[in-house]
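Hi everyone, thanks for coming along. I'd like to walk you through a few spots in this fold, so let's bring it up on the screen.

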Amino acid sequence: MIQRVAQTKLSDIIVAQIESMIVSGTWSPGEKLPSERELANQFQVSRPSLREAIQKLEAKGLVNRRQGGGTYVAGALDQHVSEPLFELLARHPESQFDLLEFRHALEGVSAFYAAMRGTDSDLQHIAQSFAQISQVAQQPIEQQAEALMQFYTSIAEASHNVVLLHLVRGMRDLLQENMRRNLQVLSERSDVRQQLQVHRQGIVDAIIAREPEQARDACHQHLAYIERTLLHLNREHTRLQRALRRSEPLSTPLEK
């Protein structure tokens, strides 16, 4: 018996297209969607059909509507990933080194696939974000960390791996905080700052030359250098503290 083919509602087609754009990274978590009028024109549909699709996306938890403020891509990934790890960092500062180890995997793989798949537009964006790092070198640490995060995000975008991209975007605050803390220590040494920029240049050069393995290795060398330098500076700081304690004059005994 031939079964009747069910008709697909227009709103469901719109839902599928918007879901695809969210998954592909066209819209980031927390990003505001275009207005109903703009979306209706973009999809060539009526506003009631679009409104119905938005309601379905909201029911799925993929978007949030704010009264008088528009519709936003849900940012649940950012909230669920970042907050517990921020608490961990607050209790255990040594977890910064765990984050560095994690970044070896995340940034190394991103650079590998960026070199393999990045479009000319992607590579131009990476070069521009790298140049921005130098432009904010004399700015507060917070702005430097933000520029670094944008640089590594541009590499993740160029990887065209949607899982990597959403992971980087979802952990943005956590990763940027790790970069900020590292910079607070590393920026005190001009030779270290210069070497870090040389390493980043090597990552960019390998990606633009479309050499995946060299790009991944350049990332690993860069992060290994950061880890070694932080450990060395921490040891220096500990030795200095001990020396200062030894040089303190002995307190005079209390008079009876």
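Leucine 106 touches Leu164, Leu167, Val168 and Leu175, leaving aside residues up to four places away in sequence. Do keep in mind that this is a predicted model. Leucine 106 sits in helix H5, residues 95–117, and because its relative accessibility is 6%, under the 20% cut-off, leucine 106 counts as buried.

Now over to helix H1, residues 10–24. Which residues of H1 are buried? They are Ser11, Ile14, Val15, Ile18, Met21 and Ile22. These cover an arc of only 125 degrees around the axis, so they lie on the same side of H1. As for what they pack against, the buried residues of H1 meet helices H2, H3 and H8 along with strands S1 and S2.

Let's look at H8 in particular. The axes of H1 and H8 come within 8 Å and cross at roughly 70 degrees, so the two helices are roughly perpendicular to each other. Ile22, Val23 and Ser24 of H1 make the contact with Val162, Leu165 and His166 of H8. By type, that is four nonpolar residues, two polar and no charged.

Finally, just after H1, glycine 25 adopts a positive phi of about 90 degrees. Thanks, everyone!

Technical notes. Residues numbered from 1 in each chain as written. Predicted model: local features only at pLDDT ≥ 70, side-chain atom pairs only at ≥ 80, totals over all residues. Heavy atoms only, no water. Buried < 20%, exposed > 50% of the residue type's maximum accessible area, 1.4 Å probe, protein only. Helix = DSSP H or I, 4+ residues; strand = E, 2+ residues; numbered from the N terminus. Arc of directions from axis to C-beta. Contact = heavy atoms within 4.5 Å. Axes fitted to C-alpha atoms, helices over the stretch in contact; angles between N-to-C directions. Parallel < 35°, antiparallel > 145°, perpendicular 65-115°, else oblique. Nonpolar A, V, L, I, M, F, W, Y, C, P; charged D, E, K, R; others polar.
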